[in-house]
Amino acid sequence: MIEVMRKGACRGVCADFRVKKPHGATRYGSGQGRCQICDVWIDHKGCHIKDGSQAQKDTIGWFCNCCNYRVRQKPRNKIYKEKLYNYKKSIM
């Protein structure tokens, strides 16, 4: 079993929701998000929204079930923002 190093508010629950990188797609484009507190990539199954209900793939404003912090659903870097935009444009 993979041992998760806990940081600050992380309780280790996020290890159950960790996801692998999809082949041929971007992480954000395939519906994954990054919890910076737990330092893991998770999908909507490991998140909830502000009112406490389970997050869905198309909802925005995810919060991590483990540490209750906001999950990043978009890249910060300009280059990766362009890649995400082009990826979403190509699949539509």
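The legends below describe close-up views of a predicted model.

**View 1. Cysteine 38 and its cysteine contacts.** Cysteine 38 sits in the loop between β1 (33-35) and β2 (40-42). With a relative accessibility of 3%, cysteine 38 is buried, because buried means under 20%. Beyond its neighbours within four places in sequence, cysteine 38 contacts Cys10, Cys14, Cys64, Cys66 and Cys67. Lysine 21 lies 17 residues from cysteine 38 in sequence. Their C-alpha atoms are 17 Å apart.

**View 2. The largest nonpolar core and isoleucine 42.** This core has 14 residues. Cys35, Cys38, Ile42, Cys64 and Val71 touch the most other members.

**View 3. The aromatic pair of tyrosine 28 and tryptophan 41.** The model holds one aromatic pair. At 17% relative accessible area, tyrosine 28 is buried.

**View 4. Arginine 70 over the ring of phenylalanine 63.** Arginine 70 lies over the face of phenylalanine 63. The distance to the ring centre is 6.0 Å.

**View 5. The salt bridge between arginine 34 and aspartate 39.** One salt bridge is found in the whole structure. The side chains of arginine 34 and aspartate 39 form the bridge, at 2.4 Å from N to O. Arginine 34 is partly exposed, at 23% relative accessible area. Aspartate 39 is also partly exposed, at 40% relative accessibility.

**View 6. Histidine 48 and its polar contacts with two asparagines.** Histidine 48 is in strand β3 (residues 47-48). Its relative accessible area is 16%, so histidine 48 counts as buried. The side chain of histidine 48 makes a polar contact with the side chain of asparagine 65 at 2.8 Å. A polar contact with the side chain of asparagine 68 is at 2.9 Å. Leaving aside neighbours within four places in sequence, other residues in contact with histidine 48 include Ser53, Gln54, Ala55, Gly61, Trp62, Phe63 and Cys64.

How values were computed:
Residues numbered from 1 in each chain as written. Predicted model: local features only at pLDDT ≥ 70, side-chain atom pairs only at ≥ 80, totals over all residues. Heavy atoms only, no water. Helix = DSSP H or I, 4+ residues; strand = E, 2+ residues; numbered from the N terminus. Buried < 20%, exposed > 50% of the residue type's maximum accessible area, 1.4 Å probe, protein only. Contact = heavy atoms within 4.5 Å. Phe/Tyr/Trp six-rings, centres within 6.5 Å; stacked < 30°, edge-to-face > 60°. Lys NZ or Arg CZ within 6 Å of the ring centre and 35° of its normal. Core = buried A, V, L, I, M, F, W, Y, C linked by side-chain atoms within 4.5 Å. Salt bridge = Lys/Arg side-chain N within 4 Å of Asp/Glu carboxyl O. Polar contact = N/O pair within 3.5 Å; in protein donor to acceptor, adjacent residues only side chain to side chain.
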